[in-house]
Amino acid sequence: MVDVPLSMKAITLDLLRDARETVRTSPLGVINTPMIPWCQTTLPLNIPCNIHIKLENMQRTGSFKIRGVANQFARRPKGAHFVTMSAGNYGKSFAYASKHYGSKGKVVMPETAPVSRSTLIQNFGCEVERVPTALLMNVVNRCVQEENMTFLHSYDDLDLIAGHASLGFEVLEVMPQPDVVVVCCGGGGLLAGVAAAIKLAGCEKTRIYGVEPEGACTMYKSFIEKKPIGMDTKSIASGLAPPFAGTLPYELCQRYVEEIVLVSDEEIKAAVSTLYRAGLLVEPSGSAAFAAIANDRIPDIAGRNVVVILSGGNIGKDELTNFPD
């Protein structure tokens with residue numbers, strides 16, 4: 001008999017449905033984003049299959065992160081002093097929620113994150129400290145120990161993952177029995193939440209794939225090593241490049257995810273440009289799942305019902321100049 005970790009036992013369909021209702025009714029205004037057929041866009045497609053794209057780039061604060069944040073803040077004391085680490089998208093949603101709930105907040109960011117992301121977070125009233133990626137947790141721990149802050153994890157947190165699962169339920173409302181779902185993966189919070197929601201809702205035959213950049217493949221390597229690991233990460237998709245894979249996300253992905261596939265930074269850049277030409281503003285991290293489809297990383301999708309998550313659209317005009325026409 002397979003031994004199931006205690007953290008895994010906490011993830012139930014009832015818990016995820018309860019979180020979904022919390023997210024749906026959140027005062028933060030989380031959006032049930034559109035999911036549209038690929039054929040209703042001008043995107044190129046060389047594979048005969050029925051693909052839908054979920055437009056989380058149109059989400060409140062510009063990414064899926066607000067889902068998990070809405071569930072986290074609903075279950076934490078109002079007015080507390082929180083600290084987190086983020087390359088930008090979680091930090092932006094964290095700052096947005098902090099302002100709404102009247103909480104003090106600090107975001108520790110990797111130096112590699114675009115400066116525009118820091119500015120967005122500061123505009124919501126949160127403090128930002130930029131540090132080398134390898135020192136992120138050291139600075140967070142200092143804030144907890146010396147300044148008595150409460151740490152909110154940006155991907156390895158039960159409430160966060162349960163909030164992200166709301167996206168999986170929304171997918172099933174449009175396509176009740178998807179054959180394949182493709183999701184980007186950084187620390188693994190979104191992938192774990194979506195996969196758990198879809199599998200626990202009864203879609204046992206659905207194949208769920210995570211997509212990571214080649215230079216930031218912590219979950220891919222964790223699958224090989226059979227434990228969550230860290231690495232020195234570097235990618236144009238900074239939101240998919242945390243220093244380590246989350247423990248709970250790893251456990252859930254091991255159980256519910258078919259495979260982690262990799263895409264190059266050049267493939268991600270091309271995906272951003274292709275999406276932009278089709279009228280879709282999607283950041284590099286949010287384009288990874290599309291890049292996997294466009295570069296034939298997902299096996300056996302001909303004739304299948306496929307869902308691709310475009311997870312975020314926080315990209316500035318200055319950043320767009322770095323991508324090919």
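**Aromatic pairs and helix packing**

Ring pairs join F73, F82, Y90, F94 and Y101 into a cluster. The model here is a predicted one, with local features needing pLDDT of at least 70, side-chain atom pairs counting only at pLDDT 80 or more, and totals for chains, interfaces and linings using all residues. Residues are numbered from 1 along each chain as its sequence is written, and side-chain values use heavy atoms, with hydrogens and water left out.

As for the ring pairs, Phe, Tyr and Trp (its six-membered ring) pair if their centres lie within 6.5 Å; planes under 30 degrees apart count as stacked, over 60 as edge-to-face and the rest as tilted. On that basis the tally is eight aromatic pairs. One of them is W38 with F290, which is stacked because the ring centres are 5.4 Å apart and the planes sit at 20°. W38 belongs to the loop between strand 1 (35-37) and strand 2 (50-55), while F290 is in helix 12 (residues 288-294), so this pair ties together parts 252 residues apart in sequence. Helices (H or I, at least four residues) and strands (E, at least two) are DSSP runs, numbered from the N terminus.

F73 comes from helix 3 (residues 65-74) and Y101 from helix 4 (residues 89-101), so the pair ties together parts 28 residues apart in sequence. F73 and Y101 are both buried.

Helix 3 also packs on helix 2 (residues 13-24), at an angle of about 95° and with the axes 9 Å apart. Axes are lines fitted to C-alpha atoms, for helices over the stretch in contact, and angles run from 0 to 180 degrees between N-to-C directions. Helix 2 is therefore roughly perpendicular to helix 3, a label that covers 65 to 115 degrees. A19, T22 and V23 of helix 2 meet R67, A70, N71 and A74 of helix 3, with contact meaning heavy atoms within 4.5 Å.

Then there is helix 10 (residues 247-256), where seven of the 10 residues are buried, so it is largely enclosed by the rest of the structure. The buried residues of helix 10 are L248, P249, Y250, E251, L252, C253 and Y256.

Conventions:
Buried means under 20% relative accessible area, exposed over 50%, partly exposed in between (1.4 Å probe, protein chains only). Angles under 35 degrees count as roughly parallel, over 145 as roughly antiparallel, 65 to 115 as roughly perpendicular and the rest as oblique.
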